[in-house]
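These are my notebook entries on a single structure. I record what I looked up and what I found, entry by entry.

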Amino acid sequence: MKIIKMKCIFFLLAYSFFTLPYIIFGQDSIRVVDIQKFSYPFDIEDGVFVGEGAGILTKAISNAHIVMLGNNSRNQQEADLDLALSEFLHQNDYRTLITEYGPALGDIADRLSDDASQTVETFRSINQKYYFEAGGLQFMPIPDLKYVGGGQLIEYVKENDWTIGGIGTDSWTGFKLIIDEMYNNLSAANKLVHQKEYNASVVLLDRLYGELKGQTYDDIKNLTVGLKASEDFNKFLEEMNTFTVNNEIYDAIQFSIDYWWMYGNQEGYKKNKLNDQRNRVLMKEALKKSNFDFGSDKLFLKMWHGHLTKSKTRNGFYCVGGMLREMADYHGNNSLVVCVLSRYTMDDEKLIDAMDSDLHPIYEPFIAQGQQDDWVLIDLRPFTEVFYWGNYVPDLWLEKMMDRYDMILIPKTDSKAKVNN
């Protein structure tokens, strides 16, 4: 028995001696220069994609039925991307836009843009009415529609008869707009019946917003605790829920208050798990409302890149991206998941390079491809064959990005988008 054990040990040592050098020296580690081979410049000129990367992007879009864009639209170049992309999508028969405004605020945005030609002006008025400041920051009821570009995107798709819907969690900045929506859904007679609780709710929100010092965990915790503790506010919500027209809005604001309460209490795992589970349900409901046909219709989904992947998110949960990718595959169609990462930004005439900050290692080799004067497209689709199956040492972070996205877009030097107020 001892002889057999000794032979096994000798065999393992010998195997390691002869194969370890091959493992260590026979494969290359993946470098920034390797990723550069899959990086292509392009630009957006008068709303049109031009350049080598533009051809790759537009061809992929033309071959897809579902395009998912992970960006935030709060910088000018990203806002320009939204509009140029929506115009090209329209040329390729896309007619459905789903955003991360939240279900209640998404429906409000849809209603307020019924007169498409007045969309930007309408949201300017809404922003002025519900605007407040805290800690030197400006807050609007629908964060992505704080900027002119956000209104222009909605204006374009509504002018061209798209259907729009909202998933995600309604912003805490929009609570006052939401309760006004519920109240204004009532008849004049019913408004009189519930006027006391409505007025008390408005006063409460004005006070709680006025007490904010910013948007820290403690700020959001104090806001949501104040709402949960208010008898008048909760009575108002319950009364509004007795009207069928308000049922979905009631569910949305209740979820939002709970979500932001968990945020304030730093219960990140719980809130993100619930949010990702709920987003899949909301997506199903939004597409059902629009009679979306996965076999023939085409969908444009726009969310923050951290919430949108084709596998697990950075938080470790499955999101709508994977669900939609599988639905497209099931119906014999293609999907495309695009992530936008920023490198260069102008701030008060000073050029800020994200590479000079503490970047998460998952993004660093990609952001390094960014250029000041050109957009850059990084095509991740060939990476599985080249890097995973090729003569390279697999990198954990690279594998995660390969799993999450099909492409990465890096804007040229960017700046803050114009505020619409």
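**Entry 1. Conventions.** I worked from a predicted model, in which local features need pLDDT of at least 70 and side-chain atom pairs count only at pLDDT 80 or more, while totals for chains, interfaces and linings use all residues. I numbered residues from 1 along each chain as its sequence is written, and side-chain values use heavy atoms, with hydrogens and water left out.

**Entry 2. Strand β4.** I took helices and strands as DSSP runs numbered from the N terminus (H or I over at least four residues for helices, E over at least two for strands). For burial I used relative accessible area with a 1.4 Å probe and protein chains only: buried is under 20%, exposed is over 50%, and partly exposed lies in between. I found that five of the five residues of β4 are buried, so the strand is largely enclosed by the rest of the structure. I66, M68 and G70 point one way from β4, and V67 and L69 point the other way.

I then looked up the pairing, where two strands pair if DSSP finds at least two bridges between them. β4 runs parallel to β9 (residues 299-303) over five bridges, and M68 faces L301 there. β4 is also parallel to β10 (residues 335-340), again with five bridges, and here V67 stands opposite L336.

**Entry 3. Strand β5.** I noted that T96 and I98 point to one side of β5 (residues 96-99) and L97 and T99 to the other, all of them buried. Four bridges join β5 in the parallel sense to β8 (residues 163-166), with I164 as the bridge partner of L97. β5 also pairs with β9, in parallel and over four bridges; in that strand L97 stands opposite F300.

**Entry 4. Helix α12.** Which residues of α12 (residues 231-240) are buried? I listed F233, F236, L237, E239 and M240. Viewed down the helix axis, these buried residues fall within an arc of 165 degrees, so they line one face of α12; the arc is that of the directions from the axis to the C-beta atoms. As background, an α-helix has 3.6 residues a turn, so residues three or four places apart point the same way.

I checked what this face packs against, with contact meaning heavy atoms within 4.5 Å. The partners are α8 (175-184), α10 (195-211), α11 (217-229) and α13 (247-264). At the start of α12, a side-chain oxygen of S230 comes within 3.1 Å of the backbone nitrogen of F233. I count this under polar contacts, pairs of N or O atoms within 3.5 Å; within protein, one atom must be able to donate a hydrogen and the other to accept it, and residues adjacent in sequence count only if both atoms are side-chain atoms.

**Entry 5. Salt bridges.** How many salt bridges does the structure hold? I recorded 18, each defined as a side-chain nitrogen of Lys or Arg within 4 Å of a carboxyl oxygen of Asp or Glu.

One of them joins D144 and R74 at 3.1 Å, N to O. D144 lies in the loop between β7 (137-139) and α7 (148-159) and R74 in the loop between β4 and α4 (76-91), so the pair ties together parts that are 70 residues apart in sequence. D144 is buried at 15% relative accessibility, whereas R74 is partly exposed at 33%.

K158 forms another with D110, with the closest N and O atoms 2.8 Å apart. This pair links helix α7 to helix α5 (residues 103-112) across 48 residues. K158 is buried at 14%, and D110 is partly exposed at 24%.

**Entry 6. K146.** I located K146 in the loop between β7 and α7. K146 is buried yet has no salt bridge; the nearest side chain of opposite charge, E133, is 9.4 Å away. For charge, Lys and Arg count as positive and Asp and Glu as negative, while His and the chain ends are not counted. Beyond neighbours within four places in sequence, K146 contacts N127, Q138, M140, K418, V419 and N420.

**Entry 7. T413.** I placed T413 in the segment after β15 (407-410). T413 is partly exposed, at 21% relative accessible area. Not counting residues up to four places away in sequence, T413 touches Q77, Y344, M346, L351, Q371 and Q372. The T413 side chain reaches the backbone oxygen of Q372 at 2.9 Å.
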